[in-house]
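Open the structure in your viewer and keep the selection tool at hand. The stops below go from one selection to the next.

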Amino acid sequence: DSPTTTPTSATNVSQIFQKKIELSGTRQVITQYGIANEYDREIERAMVELTLMLENAGFHGVRNAGSATTPRSFGGLGSFITTNLTTLSGSPALTQKNVEDAVQQAYLAGGMPDLIVCGAWALRKIRDFYSPSVRSTPNEKRGGINIDKILTVTGELDVLVDRNCPTTKLYVLDSKKVGFVPIRELATEDLAKTGDADKSQVVGEYTFVVENEKAHAIVSGFSTSA
């Protein structure tokens, strides 16, 4: 008989994202320039705020099962990706070799990396690496280039800039093996009215999944000025 492999599963917890909305009757009837409905506006703002919090947790989340006094929180990318880590010492400038070495690490470990997520500075460096290889058409009224894909020996990768990404980190991901999972989608719930105020909340519950952590890689410790 051939040997068998017993699968193991990393664990995470779910995290609740919630924001309360409370508006007095006066605020709801007073006309404000550019705002058709104050209540709807506050709900839309809460949706945007909670979505940004969810996105931020994907990078910075720390896995915590919670307690009676501490809310639970899910772990983000750093809680799972522990094998293909390139930590640069002395804050050197990010190089093309750093990026492509990380892609190769993930590929050789069995991944099919197709996405790079980074901050604005790292994107500027990537643009500089590959700008000599860009084909362009003449345009006398526009300068600069935009890089949203790179081609390496392991295939093509999309490049995504994210303001929530730690500035000194660059993530090489197999997008099919990482993502948010909704337990409860963000939705609005009415709360009991007290006094002259209407109350509601926007609430949702999500967790974060990283499959086969060796299929991903992280480059960290590079300079954000050189």
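What covers the buried residues of helix 5? The cover includes helix 4 (96-108), strand 3 (115-118), strand 4 (149-152), strand 5 (155-161) and strand 6 (169-173). This is a predicted model, in which local features need pLDDT of at least 70 and side-chain atom pairs count only at pLDDT 80 or more, while totals for chains, interfaces and linings use all residues. Residues are numbered from 1 along each chain as its sequence is written, and side-chain values use heavy atoms, with hydrogens and water left out.

**Helix 5**

Select residues 120-130, which make up helix 5. W121, A122, L123, K125, I126, F129 and Y130 are buried there. Buried means under 20% relative accessible area, exposed over 50%, and partly exposed in between (1.4 Å probe, protein chains only). Helices (H or I, at least four residues) and strands (E, at least two) are DSSP runs, numbered from the N terminus.

**Strand 6 and its partners**

Go next to strand 6. Four of its five residues are buried, so the strand is mostly covered. Strand 3 pairs with strand 6 in the antiparallel sense, over four bridges. Strand 9 (residues 217-220) also runs antiparallel to strand 6, joined by four bridges. Two strands count as paired if DSSP finds at least two bridges between them. Now pick L170. C118 stands opposite L170, and L170 stands opposite V219 in strand 9.

**Aromatic rings**

Show the aromatic side chains. The structure holds seven aromatic pairs. Rings of Phe, Tyr and Trp (its six-membered ring) pair if their centres lie within 6.5 Å; planes under 30 degrees apart count as stacked, over 60 as edge-to-face and the rest as tilted. Zoom in on F17 and F74: their ring centres are 6.2 Å apart and their planes at 50 degrees, so this pair is tilted. The pair links distant parts of the chain, 57 residues apart. F17 is in strand 1 (residues 15-24), and F74 is in the loop between helix 2 and helix 3 (77-80). F17 is buried at 3% relative accessible area, and F74 is buried at 0%.

**The cores**

Which residues have the most contacts inside the largest nonpolar core? They are F17, I21, F74, L77, Y171, L173 and V202, in a core of 26 residues. A nonpolar core is a set of buried Ala, Val, Leu, Ile, Met, Phe, Trp, Tyr and Cys residues joined through side-chain atoms within 4.5 Å. Helix 2 gives the most to this core, with seven residues. Apart from it lies another core, of 22 residues, among them A122, I147, L157 and V172.

Centre on V202. Beyond its neighbours within four places in sequence, its contacts (heavy atoms within 4.5 Å) include F17, I21, I43, M47, L50 and L186.

**T207**

Move to T207 in strand 8 (residues 197-210). T207 is buried, with a relative accessible area of 12%. A polar atom of its side chain lies 2.8 Å from the backbone oxygen of V13. Among the residues that T207 touches, not counting those up to four places away in sequence, are N12, F74, G179 and F180.

**N56**

Finish at N56 in helix 2 (residues 38-60). Is N56 buried or partly exposed? At 29% relative accessibility, N56 counts as partly exposed. Leaving aside its neighbours within four places in sequence, N56 is in contact with G61 and N164.

How values were computed
A polar contact is a pair of N or O atoms within 3.5 Å; within protein, one must be able to donate a hydrogen and the other to accept it, and residues adjacent in sequence count only if both atoms are side-chain atoms.
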